[in-house]
Amino acid sequence: MKICSDVDGVILNYIQGFIDFTHGEKIPYTHDPELYGVIRNFPDNEKIRDKFHAGDYLRQLNYFDDSLNILNTLAGRHELHLVTALEPEQFQKRVENLKALNYTSLQCVGDFRKEQIIVEEIQPDVMLEDRPELIEAFHNAGINVFFPDWHPYTKGMERYATPFSHWQEIPDLLKIL
Ligand SMILES: [Mg+2]
């Protein structure tokens with residue numbers, strides 16, 4: 001089976017990393033968990049994103065619960081492709097952050113190209129994604145989609161995809177495909 005996964009918000013806790021960054025740098029910030037994109041509504045959001053990505057926070061984002069163990073088990077039996085909307089310049093930091101994970105391929109493609117690369121080039125049997133627009137787009141492209149349901153912004157995505165609350169549910173969910 002060909003498994004493809006997004007990284008931020010699914011495997012790594014990007015939101016917590018950004019909040020830790022704002023605290024560490026003493027940048028006043030109130031996060032609205034209902035909205036996708038932790039930096040999107042920040043004044044000067046591109047400048048603040050660049051500052052976040054320029055530091056060491058991006059090398060050491062935490063894994064969500066058992067994502068590392070579960071994915072390493074799955075990677076022993078399946079292809080595991082990781083595609084993230086981080087810019088290509090962040091590739092080395094992402095490699096470092098994911099060095100304990102046995103993936104088949106890793107791409108940092110930027111926001112604009114992500115959907116096309118997954119739908120046209122990778123063509124996975126299953127996609128793990130948390131961004132609402134992409135959950136819908138991958139579903140419309142005929143891909144089985146699983147989404148983490150612990151983010152308030154993925155509420156209602158059951159229309160297009162299968163929710164999971166914990167990484168330990170993933171092996172059983174794959175069996176029913
Ligand atoms: Mg994501």
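**Exercise 1. Where is the place of Asp 66 in the chain?**

Before starting, note that this is a predicted model: local features need pLDDT of at least 70, side-chain atom pairs count only at pLDDT 80 or more, and totals for chains, interfaces and linings use all residues. Numbering starts from 1 along each chain, as its sequence is written.

Solution. 
- Step 1: Look between helix H2 (45–54) and helix H3 (67–75); Asp 66 sits in the loop there. Helices (H or I, at least four residues) and strands (E, at least two) are DSSP runs, numbered from the N terminus.
- Step 2: Check its surroundings. Asp 66 counts as partly exposed because it has 14 C-beta neighbours inside 10 Å. The cut-offs are these: buried takes 20 or more other C-beta atoms within 10 Å of the residue's own, exposed takes 12 or fewer, and partly exposed is in between, with C-beta atoms placed from the backbone.
- Step 3: Look for its partners. Leaving out residues up to four places away in sequence, Asp 66 touches Trp 167 and Gln 168. Contact here means that the C-beta atoms of two residues, placed from the backbone, lie within 7 Å.
- Step 4: Asp 66 and Lys 175 are 109 residues apart along the chain, and 18 Å separate their C-alpha atoms.

**Exercise 2. Work out the strand order of the sheet.**

Solution. 
- Step 1: Count the elements. The chain has seven helices and six strands, and from the N terminus on they run β-α-α-α-β-α-β-α-β-α-β-β-α.
- Step 2: The six strands form an open sheet with parallel pairing, in the order S3-S2-S1-S4-S5-S6. Two strands pair if DSSP finds at least two bridges between them.
- Step 3: Find the edges. Strand S3 (105–108) and strand S6 (162–164) each pair on one side only.
- Step 4: Zoom in on one pair. Strand S1 (residues 2–5) meets strand S4 (residues 126–128) in the parallel sense over three bridges; Cys 4 has Met 127 in S4 as its bridge partner.

**Exercise 3. Sort the residues of helix H6 (residues 132–140) into buried and exposed ones.**

Solution. 
- Step 1: Pick out the buried ones: Leu 134, Ile 135, Ala 137 and Phe 138.
- Step 2: Ask how they are arranged. They cover an arc of only 170° around the axis, so they lie on the same side of H6. That arc is the one of the directions from the helix axis to the C-beta atoms.
- Step 3: Turn to the face away from the buried side, where you'll find the exposed residues Glu 133 and Asn 140.
- Step 4: See what the buried residues of H6 pack against: helix H5 (114–122), S4 and strand S5 (144–148).
- Step 5: Gly 142 follows H6, and its phi is positive, near 85°.

**Exercise 4. Describe how the chain divides into domains.**

Solution. 
- Step 1: Read off the bounds, which come from an automatic or database domain assignment. Domain 1 covers 2–12 + 62–175, and domain 2 covers 14–59.
- Step 2: Look at the contact between them, which takes twelve residues from domain 1 and ten residues from domain 2.
- Step 3: Find the main contributor on the domain 1 side. Helix H4 (residues 91–97) gives the most there, with three residues.
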